[in-house]
Amino acid sequence: MAPAIELIGITKRFPGVIANDDVNLRVEEGEIHAICGENGAGKSTLMKILYGMQAADEGTMKIRGEEVSFSSPSEAIERGIGMVHQHFMLADQLTVLENVIIGAEPVKSGGRIDFENARAHLREVGDAYGLTIDPDDLVERLEVGERQRVEIIKVLYRGAKILILDEPTAVLVPQEVDELFRNMRDLRADGATILFIDHKLDEVLEIADTITVLRQGHTVATVKPDEVSAGDLAELMVGSELPTPQTTRSTVTDEVGLEVRDLTVLDDDERPVVEHVSVTVHRGEIVGIAGVEGNGQTELTDAIMGTRDAASGHIVLLGHDITTTSVRHRRQQGLGYVPQDRHREGLLLAAPLWENVALGHQTEPPYAHGPWLDRAGSKARTEEVREEFDVRTPNIDVAAHALSGGNQQKLIIGRELVANPSVLIAAHPTRGIDVGAQAAVWDAIRAARAAGMATLLISADLDELIGLSDTIVVMLRGSLVATLDPTDVTPRDLGAYMTGASLEEAS
Ligand SMILES: Nc1ncnc2c1ncn2[C@@H]1O[C@H](COP(=O)(O)OP(=O)(O)OP(=O)(O)O)[C@@H](O)[C@H]1O
Ligand SMILES: [Mg+2]
């Protein structure tokens with residue numbers, strides 16, 4: 001039987017980079033095929049070519065033996081291909097239902113959109129794959145994990161039989177990953193072919209039938225999961241061993257960096273989403289917050305950063321009450337921030353890298369000289385970030401959107417750490433970063449910790465949370481429900497606390 005997909009000699013060049021260099025890929029019908037490789041290896045580019053979003057400069061694509069060429073995603077969709085992107089592409093102001101049907105609306109006679117029909121079909125698709133979501137929720141209200149579910153439903157709604165998932169697990173906790181994997185297996189049992197990208201090698205080994213490894217735009221290997229270990233895969237990808245986040249020596253001081261005191265924060269409907277939260281982070285300490293997304297972590301970090309008001313309680317930075325001060329003031333006082341959504345909050349995608357590095361600090365040296373922007377200073381600092389955090393780019397004048405996802409993340413981490421913050425709020429700092437670069441980010445955070453930085457770490461990567469943190473608190477339905485010692489807790493235990501299972505057992 002002809003393979004579901006065959007890509008032969010695909011080459012794609014961007015100014016200064018060859019993203020795909022004579023790549024070959026063969027995906028059998030009905031298999032789950034993983035694509036692995038370091039940041040910038042060309043994974044997303046290859047998938048976008050298959051999905052008709054980008055045109056290859058050279059090469060041939062075959063779907064079930066038949067040569068195809070797509071000039072737009074709609075042509076790929078017609079051939080049953082669907083893609084969920086690394087960065088979601090939903091319209092915030094629309095509902096789940098509107099987002100799912102956009103561009104594929106059923107119409108009634110007279111040309112009106114048949115919402116009833118659409119709703120029924122949406123429910124069918126959701127039920128069939130156990131993907132439940134309220135069709136009338138506004139997308140802007142959804143957490144990342146829920147947005148992903150909407151994206152997957154959207155692809156299935158269009159009848160896709162070949163699904164491309166670009167880093168679907170990056171945003172999920174272990175329990176949600178289990179659920180996604182169940183869904184993927186169900187889809188496979190139903191005859192779907194799934195291509196997916198993942199940086200977590202244990203996950204790849206668990207779910208994939210076949211693994212293709214890309215390195216610097218080349219295919220370097222295609223292997224079966226039972227032939228290789230996670231270490232072998234890391235070696236194939238980046239040529240080095242698997243790093244661990246483990247931090248040993250404590251550097252915790254008595255000096256308080258950040259104190260959140262009895263903080264309550266309301267959501268847009270005036271409901272409390274953070275309730276009476278108190279947490280203290282000392283200089284030299286990393287406090288990890290564990291929690292399923294949507295339990296108030298976003299609102300808590302928004303309130304600390306000053307983008308959302310506190311309803312009551314206090315936020316104290318290095319002894320100064322900052323509860324009602326501006327974002328800019330907080331940043332000037334030494335508060336650094338790695339946001340959970342790099343596209344919405346972290347970057348100006350159309351601006352060059354050096355402007356992005358100045359972002360948030362553009363009124364201070366070396367980015368400014370008196371009231372003037374200091375281009376030379378900004379560029380020099382950006383070169384430092386590029387060097388130290390291994391941001392792979394042809395130059396620092398390219399726009400941020402031209403970087404691969406992991407390299408965008410490295411740029412943000414670098415920008416924040418190079419500013420030497422006293423307190424860092426880090427939401428998923430290594431999300432989407434390859435195993436080699438992850439080690440570099442962990443090292444940088446540890447070094448800053450040793451130098452006295454107080455860090456509030458929010459992460460869905462429980463190994464990272466356990467490995468890096470000095471203390472872990474669990475956030476559930478807006479409250480901190482447990483304080484745990486990372487030296488004697490496993491990811492599974494933590495998962496049980498996060499879902500509330502442990503509390504129910506205890507009571
Ligand atoms: N639109 C673009 N313009 C210019 N260069 C681009 C563009 N898209 C990607 N590139 C470059 O192509 C290379 C491959 O990028 P790609 O996004 O495919 O990497 P990736 O393997 O998906 O990495 P990651 O794991 O970080 O997501 C990178 O060097 C990137 O900078
Ligand atoms: Mg990518």
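Modeller: Here we go through the domains, the ligand shell, the core and a couple of local spots.

Modeller: Bear in mind that this is a predicted model.

Biologist: Fine. What domains does the assignment give for the chain?

Modeller: The assignment gives domain 1 (5–238) and domain 2 (256–506). Their centres, taken over C-alpha atoms, are separated by 28 Å.

Biologist: And how many residues of each are in contact with the other?

Modeller: On the domain 1 side there are 25 residues, in contact with 26 residues of domain 2. Helix 5 (144–157), helix 6 (174–189) and helix 8 (230–238) each supply at least two residues of that domain 1 side. Helix 8 gives the most, with three residues.

Biologist: How do the residues on that side of domain 1 divide by class?

Modeller: They divide into 13 nonpolar, nine polar and three charged residues.

Biologist: Switching to the ligand. Which residues are the closest to ligand 1?

Modeller: The closest are Asn 39, Ser 44, Thr 45, Ser 404 and Gly 406, out of 21 residues that surround ligand 1. By class, the shell has 12 polar, six nonpolar and three charged residues.

Biologist: Which domains does that shell draw on?

Modeller: Domain 1 (5–238) and domain 2 (256–506) each contribute at least three residues to the shell around ligand 1. In terms of elements, strand 2 (17–27), helix 1 (43–50) and helix 14 (405–418) each supply at least two residues of it.

Biologist: You mentioned helix 14. I was looking at Val 418; where is that found?

Modeller: Val 418 is in helix 14.

Biologist: Is Val 418 buried or partly exposed?

Modeller: Val 418 has 19 other C-beta atoms within 10 Å, so it counts as partly exposed; a buried residue needs 20 or more.

Biologist: What is Val 418 in contact with, leaving aside its neighbours within four places in sequence?

Modeller: That would be Arg 381, Glu 384 and Val 385. As for Gly 370, it is 48 residues from Val 418 in sequence and 20 Å from it in space, C-alpha to C-alpha.

Biologist: OK, the inside now. How many residues are in the largest nonpolar core?

Modeller: The largest nonpolar core has 135 residues. Those with the most contacts inside it are Leu 50, Leu 163, Ile 164, Ile 194, Ala 290 and Leu 457. Helix 15 (residues 435–450) gives the most to this core, with six residues. The core also draws at least three residues from each of domain 1 (5–238) and domain 2 (256–506).

Biologist: Why is strand 13 largely enclosed by the rest of the structure?

Modeller: Because five of the five residues of strand 13 (residues 286–290) are buried.

Biologist: And which strands does strand 13 pair with?

Modeller: One is strand 20 (residues 454–458), in the parallel sense over four bridges. In that pairing, Gly 288 has Leu 457 as its bridge partner. Another is strand 21 (residues 471–476), also parallel and over four bridges. There, Val 287 stands opposite Thr 471.

How values were computed
Residues numbered from 1 in each chain as written. Chains lettered and ligands numbered in written order. Predicted model: local features only at pLDDT ≥ 70, side-chain atom pairs only at ≥ 80, totals over all residues. Core = buried A, V, L, I, M, F, W, Y, C linked by C-beta atoms within 7 Å. Buried ≥ 20, exposed ≤ 12 C-beta atoms within 10 Å, placed from the backbone. Domains from an automatic or database assignment. Near = placed C-beta within 6 Å. Nonpolar A, V, L, I, M, F, W, Y, C, P; charged D, E, K, R; others polar. Contact = placed C-beta atoms within 7 Å. Pairing = 2+ DSSP bridges.
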